[in-house]
Amino acid sequence: TTKDLSFVSLLIILGVALYANTFFNSFVYDDAATIQENLFIRDWRNLPRIFSGQYYQFFEEYSFRPLVTFTYFWDYYWWKNYPWCYHLTSLLLHLLTAVTVYLLAAKLFKRREGGLLTALIFLAHPVQTEAVAGISFREDILCALFFFLAFIFFLKSKRKTGEEREKTYNLPSTRPPGYPAIYSVLSFLCFSLALLSKEMAVTLPLVIVAYEFLARKTRIKGIFPTKIIIYFAFSLVFLYLRFRVLYQKGSLPAT
């Protein structure tokens with residue numbers, strides 16, 4: 001709608017005004033090891049190693065965040081060692097996340113104005129400075145982006161199918177049966193990408209349970225249907241792979 005377009009435009013303009021000064025920054029702190037001096041992001045043939053136990057050794061990381069490393073491959077392919085381009089990528093990701101927050105909050109509050117206020121606070125809050133201005137802290141932006149998207153798609157997957165609406169309201173179906181299943185797949189996909197960005201994404205199932213219990217007033221015995229249990233299974237599988245299969249005891253980034 002026109003109002004949505006106006007609100008999104010406001011978020012973009014404000015975000016650019018707040019963070020455009022980062023374009024003048026150079027590589028600092030961890031950027032030297034993860035980007036500037038990292039030979040492995042310069043060759044796409046090294047990309048498969050981000051899903052191996054060699055990740056920590058070759059990609060100068062203490063944590064398993066392969067999606068973040070993939071963005072470094074992408075940036076280096078296009079921009080080489082021009083730091084302002086990396087800052088541009090971080091800013092674009094932050095703006096996209098702010099728009100996602102607007103969509104999520106507007107859906108939860110059922111008012112676009114409430115969504116805009118929430119997104120403005122998220123966009124401009126000083127706590128975001130490190131994630132946006134520091135290239136090597138991009139994992140926070142990516143995790144938030146896919147975390148919120150996963151939750152949005154979960155909410156959409158809760159909508160009744162055409163068959164259920166027809167039985168409930170005695171109305172003809174306007175969407176094909178199984179329509180919400182598409183959103184479930186998208187939600188699990190985004191959840192996986194959030195996990196590959198930063199480990200704290202494992203909290204999404206707890207957020208979903210809290211939403212079901214507090215917002216939807218779901219009874220305790222009905223709060224864990226198969227769909228929600230799958231989110232917990234995703235988290236457990238990720239934690240097992242992260243700390244048992246891929247973890248190398250005593251390993252540190254290469255120097």
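Buried residues have under 20% relative accessible area, exposed ones over 50%, and partly exposed ones lie in between (1.4 Å probe, protein chains only). The model is predicted: local features need pLDDT of at least 70, side-chain atom pairs count only at pLDDT 80 or more, and totals for chains, interfaces and linings use all residues. Residues are numbered from 1 along each chain as its sequence is written, and side-chain values use heavy atoms, with hydrogens and water left out.

Helices (H or I, at least four residues) and strands (E, at least two) are DSSP runs, numbered from the N terminus. The order of elements from the N terminus is α-α-α-α-α-α-α-α-α-α-α-α. The protein has 255 residues, and 43% of them count as buried. Contact means heavy atoms within 4.5 Å. Take the contacts between residues at least 6 apart in sequence: 71% of these join residues at least 24 apart. The protein exposes about 14300 Å², with 66% supplied by carbon and sulfur atoms. Accessible areas come from the Shrake-Rupley method with a 1.4 Å probe; for residues, only the protein chains shown count as cover.

Phe7, Leu11, Gly15 and Tyr19 are the buried residues in α1. Down the axis of α1 they fall within an arc of 75°, so they line one face of the helix. The arc is taken over the directions from the helix axis to the C-beta atoms. An α-helix has 3.6 residues a turn, so residues three or four places apart point the same way. Thr2, Leu5, Ile13 and Ala17 are exposed, on the face of α1 turned away from its buried side. Cover for the buried residues of α1 includes α5 (83-109), α6 (112-124) and α7 (129-133). Helix α1 (residues 2-19) has 18 residues, which should span 26 Å at 1.5 Å a residue; its end C-alpha atoms are 26 Å apart, in agreement. The expected span is 1.5 Å times one less than the number of residues.

**View C. Helix α6 packs against α1, α5 and α8 through its buried residues.**
Gly115, Leu116, Ala119, Phe122 and Leu123 are buried in α6. Their arc around the axis is only 130°, which puts them on the same side of α6. Leu117 and Ile121 are exposed, on the face of α6 turned away from its buried side. With 13 residues, α6 reaches 18 Å from its first C-alpha to its last, close to the 18 Å expected at 1.5 Å a residue.

**View D. A salt bridge joins Glu113 and Lys3.**
A salt bridge puts a side-chain nitrogen of Lys or Arg within 4 Å of a carboxyl oxygen of Asp or Glu. By this rule the count is eight. For Glu113 and Lys3 the N to O distance is 2.9 Å. This pair links distant parts of the chain: Glu113 sits in helix α6 and Lys3 in helix α1, 110 residues apart. Both ends are partly exposed: Glu113 has a relative accessible area of 34%, and Lys3 has 38%. Lys3, Arg111 and Glu113 form a network of salt bridges.

**View E. Lys198 pairs with Asp140 in a salt bridge.**
The N to O distance is 2.4 Å. Here too the pair links distant parts of the chain: Lys198 is in the loop between α10 and α11 (204-215), Asp140 is in helix α8 (residues 138-157), and 58 residues separate them. Lys198 is partly exposed, at 21% relative accessible area. Asp140 is partly exposed as well, at 25%.

**View F. Arg45 and Asp43 form a salt bridge.**
Their side chains meet at 2.8 Å, N to O. Arg45 counts as exposed because its relative accessibility is 71%. Asp43 is partly exposed, at 23%.

**View G. A nonpolar patch lies on the surface.**
Its members are Trp44, Phe70, Trp74, Tyr77, Trp78, Trp79, Tyr82 and Trp84, with about 900 Å² of accessible area together. Patch residues have over 30% relative accessible area and no salt bridge; like charges are joined within 9 Å, nonpolar side chains (Val, Leu, Ile, Met, Phe, Trp, Tyr) within 5 Å. Helix α4 (residues 66-79) gives the most to the patch, with five residues. Trp78 is found in α4. Its relative accessibility is 47%, so Trp78 counts as partly exposed.

**View H. Ser187 sits in helix α10 (residues 179-195).**
Ser187 counts as buried because its relative accessibility is 0%. Neighbours within four places in sequence aside, Ser187 is in contact with Ala150, Phe153, Phe154 and Tyr231.
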